[in-house]
Amino acid sequence: MSLNADHRWLAAAAALAARGRPLSRPNPAVGALIVRDGVVIARGWTQPGGRPHAEAIALAAAGAAARGATLYVSLEPCAHQSPRGPACADLVAASGLSRVVVGCGDPDPRTAGQGIARIAAAGITVEHLPSPACTASLAGYLSLRKRGRPHVTLKLATSLDGCIALANGESQWITGPEARAHCHAERARADAILVGGGTLRADNPRLDVRLPGLAERSPQRWVLTRGAAPAGWHALPDPAALSAMDGLQYLFVEGGAETAAAFLRAGLVDDLLLYRAPILIGGGKPGIADLGLTALADAHGQWRRTDFRQLGNDTVERYERC
């Protein structure tokens, strides 16, 4: 199998993993493909609640056909036993597979290389082929493991001149239905969604997912406040308290301007999701409050655009922190 083909299969496994997000919590969303002669014979992704794992699903589906085939998996198979299921490294080791290609190593100290070693000890060829697609698909899990906090996406929906509302506060709607539907799909991929206390008091937002068939994926609702949260909400006293969000992997921050600035000033925004409508407001409410910059040079080199697309009359751009 060529290196390019391996990367394509790993990217396919990463895309498959997206089906498990965010319902796989507390486990990461992982994708697995079993391939023979360029044909997928079985596939799996992490199930709701974290079990069964992707590898277990794929191996069960393949049965005896797994013998001599190649497994592509977005994350290193786990090496630790659990009351909820066997270690995937043991399942893989006993499968008869001829080759395993791993897209991302697992930083969990209970696995961290031990999964790969256990499979290799069974006589199966194992390759750790670092895959940007796999790493990106595991951004929340890796952030939680390595930094102790969820991966943070800041969403802004603005006019061409960077406003999120008229001066009188009217904001429905800046963007059109296609952009709003895209945003709801992004909400469905998050564990939690957060707004500032001012936004909560002024708009009383629902912050749910209003797409057919995805309502059950509405994220937890959080508010940035040092006071008590209303019923059905959770309170985050400060962006620096992200580590207290009880194992959440993906946080979607929607506003308002002071909340956006607070996360940006703290260096806690990993991705920017910027929806832009072809309108000019002038004198409206800005999307981001003062960031405390004193030199323009400090604003450069912070972000790299990773996606751009048209949504009806609007556009959406995605940026990741450099």
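**Close-up 1. Helix 7 in the lining of the largest pocket.** Helix 7 (177–187) contributes six residues to the lining of the largest pocket, the most from any element. The model is a predicted one: local features need pLDDT of at least 70, side-chain atom pairs count only at pLDDT 80 or more, and totals for chains, interfaces and linings use all residues. Residues are numbered from 1 along each chain as its sequence is written, and side-chain values use heavy atoms, with hydrogens and water left out. Helices (H or I, at least four residues) and strands (E, at least two) are DSSP runs, numbered from the N terminus. A pocket, on a 1 Å grid over the protein atoms alone, is an open set of points where a 1.4 Å probe fits, with protein on both sides within 12 Å along at least five of seven lines; lining residues have an atom within 4 Å of a point. Besides helix 7, the elements that each supply at least two lining residues include strand 6 (151–158), strand 8 (192–196), helix 8, strand 11 and helix 9 (257–265).

**Close-up 2. The space and the centre of the largest pocket.** This pocket holds about 1,200 Å³ of space; grid points are joined across faces, edges and corners, and a volume is the space filled by probe spheres set on the points. Its lining has 42 residues, and K155, S171, T199, D203 and E254 are the ones nearest the centre. By type, the lining is made up of 18 nonpolar, 14 polar and 10 charged residues. Here Ala, Val, Leu, Ile, Met, Phe, Trp, Tyr, Cys and Pro count as nonpolar, Asp, Glu, Lys and Arg as charged, and the others, Gly among them, as polar.

**Close-up 3. The annotated positions in the largest pocket.** An unreviewed UniProt entry gives the feature "binding site" at S171, R187, D203, L207, R210 and E254. S171, R187, D203, L207, R210 and E254 from this set are part of the lining of the largest pocket. UniProt positions are given in the numbering used here, feature names are shortened, and annotations may be inferred rather than shown by experiment. D203 belongs to helix 8 (residues 197–203), and it counts as partly exposed because its relative accessibility is 47%. On this scale buried means under 20% relative accessible area, exposed over 50%, and partly exposed in between (1.4 Å probe, protein chains only).

Close-up 4. E254 sits in strand 11 (residues 250–255), and with 16% relative accessibility it counts as buried. Leaving aside neighbours within four places in sequence, E254 is in contact (heavy atoms within 4.5 Å) with K155, C183, R187, I193, L194 and V195. With K155 there is also a side-chain to side-chain polar contact at 3.4 Å. A polar contact is a pair of N or O atoms within 3.5 Å; within protein, one must be able to donate a hydrogen and the other to accept it, and residues adjacent in sequence count only if both atoms are side-chain atoms.

**Close-up 5. The second largest pocket.** About 870 Å³ of space lies in this pocket. It is lined by 35 residues, with A136, S137, A139, H151 and D271 closest to its centre. The lining divides into 15 nonpolar, seven polar and 13 charged residues.

Close-up 6. One cavity of 30 Å³ or more is present in the structure; a cavity is a set of grid points where the 1.4 Å probe fits but cannot get out. The largest cavity has about 40 Å³ of space. Its lining is formed by R21, P22, S24, R25, N27, A29, D191, Q249 and Y250, which split into three nonpolar, three polar and three charged residues.

**Close-up 7. Helix 9 and the glycine after it.** Helix 9 is mostly covered, with seven of its nine residues buried: A257, T259, A260, A261, A262, F263 and L264. G267 follows helix 9 and has a positive phi, near 70 degrees. R149 counts as buried because its relative accessible area is 8%.

**Close-up 8. A167 in its loop.** A167 lies between strand 7 and helix 7, in the loop, and is exposed at 58% relative accessibility. Leaving aside neighbours within four places in sequence, A167 is in contact with G283, G284 and K285.
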